[in-house]
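Let's take a friendly walk through a protein chain, one part at a time. Have the sequence and the 3D view ready.

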Amino acid sequence: MKIKAIIASCMLIIVLSCSSCSAQGPEDAVEAYFEALQTLDFSQAGSIIGNESAYHDAIAMMESSESYLQSVMNNAFVSFVYSNVTYEILNSETDGDTCEIEIIISAYNINEVLDAQTEQIALYTASQEYAELSAGDRYIALCEQIETIYEDMDKHLDPVRTQITMYLSKQGNDWKIIPYNDLFAAISGGASNMIYTAQ
């Protein structure tokens, strides 16, 4: 009986292992891509579109060491923009090693985000609360206010919904998203200045 139990357990492990190793489909690649963006895993996102340096600009912004204040602003901006990108798949058609997926991408317009940031900073630095602080305390308070501004950013802006077609091709066992401007414009909320390094 013990031998049968061991054999049954081994068979179950083999079945589960095989199912977990099965090739992913194109929709899985799309899900992985947006999950990578939302978690700021730009290396993974770049890998899925076949260009690991695609998000060099976003990474450079987050690693900027111009000043602590600038670092706080850059990190808050990049995090807000990408962590709030969502998507909805409408239709998917696969033909051999190619696939077209109709999708709606919801994202904040990065120009509007920057404008809202500038407006909120101006309002805060013109406030009586800010004026009563010492020079050193103002710097600290402004850094903290940046975080508050981005926590409340969705109260000032509405995400832009854009319907596009995503194109994928199968390369070996992996599905890769073919990068093109409409995709990155949609992720940038329709803004023309996208945080993407074209190759």
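This report starts with the whole chain and then visits a sheet, a pair of helices and a single residue.

## Before we start

This is a predicted model, where local features need pLDDT of at least 70, side-chain atom pairs count only at pLDDT 80 or more, and totals for chains, interfaces and linings use all residues. Residues are numbered from 1 along each chain as its sequence is written, and side-chain values use heavy atoms, with hydrogens and water left out.

## The whole chain

The chain has 9 helices and 4 strands. Helices (H or I, at least four residues) and strands (E, at least two) are DSSP runs, numbered from the N terminus. Along the sequence they follow the pattern α-α-α-α-α-β-β-α-α-α-β-β-α.

Of the 199 residues, 36% are buried (under 20% relative accessible area with a 1.4 Å probe, protein chains only; exposed means over 50%, and partly exposed is in between).

## The sheet

The 4 strands form an open sheet in the order E1-E2-E3-E4, with antiparallel pairing; two strands pair if DSSP finds at least two bridges between them. At the edges are strand E1 (86–95) and strand E4 (174–177), each pairing on one side only. From one strand to the next, the twist averages 25 degrees.

Strand E3 (residues 160–171) pairs with E4 over 4 bridges, and Lys170 stands opposite Trp175 in E4.

## Two helices side by side

The axes of helix H5 (residues 68–83) and helix H8 (residues 135–151) come within 10 Å and cross at roughly 5 degrees. Axes are lines fitted to C-alpha atoms, for helices over the stretch in contact, and angles run from 0 to 180 degrees between N-to-C directions. The crossing angle makes H5 roughly parallel to H8 (under 35 degrees; over 145 is roughly antiparallel, 65 to 115 roughly perpendicular and the rest oblique).

Residues of H5, including Tyr68, Leu69 and Phe80, meet residues of H8, including Tyr139, Leu142 and Tyr150; contact means heavy atoms within 4.5 Å. By class, this contact has 12 nonpolar, no polar and 1 charged residues. Here Ala, Val, Leu, Ile, Met, Phe, Trp, Tyr, Cys and Pro count as nonpolar, Asp, Glu, Lys and Arg as charged, and the others, Gly among them, as polar.

## A closer look at Ser53

Where is Ser53? Ser53 lies in the loop between helix H3 (42–48) and helix H4 (56–62). With a relative accessible area of 35%, Ser53 is partly exposed.

The C-alpha atoms of Ser53 and Phe42 are separated by 8.4 Å, and the two residues are 11 residues apart along the chain.
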